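Dear colleague,

Please find below the structure I promised to hand over. My findings follow directly after it.

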Amino acid sequence: MSFVDVSNSVLLYVLVGIGLAMVALAAVYYLKKCYRHALECGVSEATMKEVVKSSITFAIVPSIAIVTGLVTLVAVIGIPYAWLRLSVIGSVAYELMASGMAMNAIGATSSTATAQTFGLMMWAMCLPMTLGIVFNIFIVKKIHLGTLKLGSEDKKWGAVAQTVFMTTLIVTLIVPMFGKSLAYLLTFITSALIAIIITLLASRLKAQWLNSFTLAFCLIGAMAASVFYDGIFG
Amino acid sequence: MDSGNMYYYQMHRMGRWMTAGAVLIFVGVPLIVSLVYGIMPDPKDLLLASGGLCAIFIPVSVAETIAETPIMGSSYYLTCITGNVLNLKLPATLNALKIANVKQGTEAADAVTGVAVAVTSLITMTMIVIGIILLAPLKPFLGSDAVQTAGNYVLPALFGCLTLTLVSDDVGGGVKIHGRLKAAIIPFVLALILFFAVIPKYYEVVEGFIMIIFIPIVYFTSRKLYRKGKITVEMPEEEEER
């Protein structure tokens, strides 16, 4: 059997389809449980509908970016396995790196790759990331419940303590925005400016619904601007 | 067991089962295909191909778990299973918490986060199915220079907007914290030094470890500034009275 015979085989389509259907079912069940609990906690039905609506509109644009990666990955490993990897844990950059390392390990190239090469590629993509999430089973609960106790003796300090993680995360992640390229920085600034404009508009026009779309508008506007910046400074 | 503990207990139990199920799917697919077609790789080749990636990605993954779990809460299991944490799940969570106006570290925030993570996961899965069905007709558009270029700028486009969340005093649930950014000055300067002078090429690879180092710095600086009155907190009236 050739590389393509296995990488685009019916068996692989069926297995991936079943696997993803199970993940999707788990996500739907999880969604229902969380939605119901948010209502029990006193969040209004209208607010929760806003949360769902906003999450849907926001998720579309980054998902298109993921689909563009799919086009690249399909050319390397065929449709079904690219479908599985990008629908769940994987990312285009990681999958391309892993598949490249697998080919290098046995001295194969895309023109000489065999079914055996595809087998190695699948495992090279699967193992590192999958082993990483196995640790979640043992440590996530301890970390989460441990951090919830921070500042529990003083409510005001507790509120500050709970923001520590978010502050740290954003501080760590925004630094590369300043140094990667001018186009990167301008895209970052454009996104922040769009957010300020929408917040001001929503407040002036008393159109609170606009706030639900802030992230989606920022993403579309800044990404569109990035094409322009990249053309000039990239 | 009070209702709060019961909720967290149930969600973590569900998360652990989901993770175990996902691991079975992720490993099961290559295992069945390899066995059926007789293409199981030689362990030596597999070690050569994935040893380096395991050495990097497993510790990074554990570091990210330590840094990101306090924000994503019990939804971290589903977040990891469905991937795209920084470019999708985390921004969606911050956005959802802002809309719901709930305080971080509460059950309501945990449930709202779960809704955002599940919805974005389902949307991505749906979009990929649409992408596969329309792969041939969409290829010229998705492969165009403009779309490919824009795809490289997802992170700055997201974090420009999200940084305002950090700057705002309003942290949800009617709670306002003034001066909390002062605690971010030291890690911000350290991060700039690391990125520009020390490990420019590897900064993004080891972000998880950097966060682990910064968390205690921000925590203890915040505590000191709070005790000195440099960070002040306004609680909603009903909570002030309690």
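The buried residues of H10(A) are Thr214(A), Leu215(A), Ala216(A), Cys218(A), Leu219(A), Gly221(A), Ala222(A), Met223(A), Ala225(A), Ser226(A), Tyr229(A) and Asp230(A); buried means 20 or more other C-beta atoms within 10 Å of a residue's own, with C-beta atoms placed from the backbone. Their cover includes helices H3 (45-77) and H9 (182-204) of chain A, as well as H4 (85-100), H7 (145-151) and H8 (154-167) of chain B.

The model is predicted: local features need pLDDT of at least 70 and side-chain atom pairs pLDDT 80 or more, while totals for chains, interfaces and linings use all residues. Residues are numbered from 1 along each chain as its sequence is written, and chains are lettered from A and ligands numbered from 1 in the order written.

Between the chains, 133 residues of chain B contact 129 residues of chain A (C-beta atoms, placed from the backbone, within 7 Å). Helix H1 (residues 3-37) of chain B gives the largest share of chain B's side, 21 residues.

Chain B itself comprises domain 1 (3-174) and domain 2 (175-235), with bounds from an automatic or database domain assignment.

Yours sincerely

Notes:
Contact = placed C-beta atoms within 7 Å. Helix = DSSP H or I, 4+ residues; strand = E, 2+ residues; numbered from the N terminus. Buried ≥ 20, exposed ≤ 12 C-beta atoms within 10 Å, placed from the backbone.
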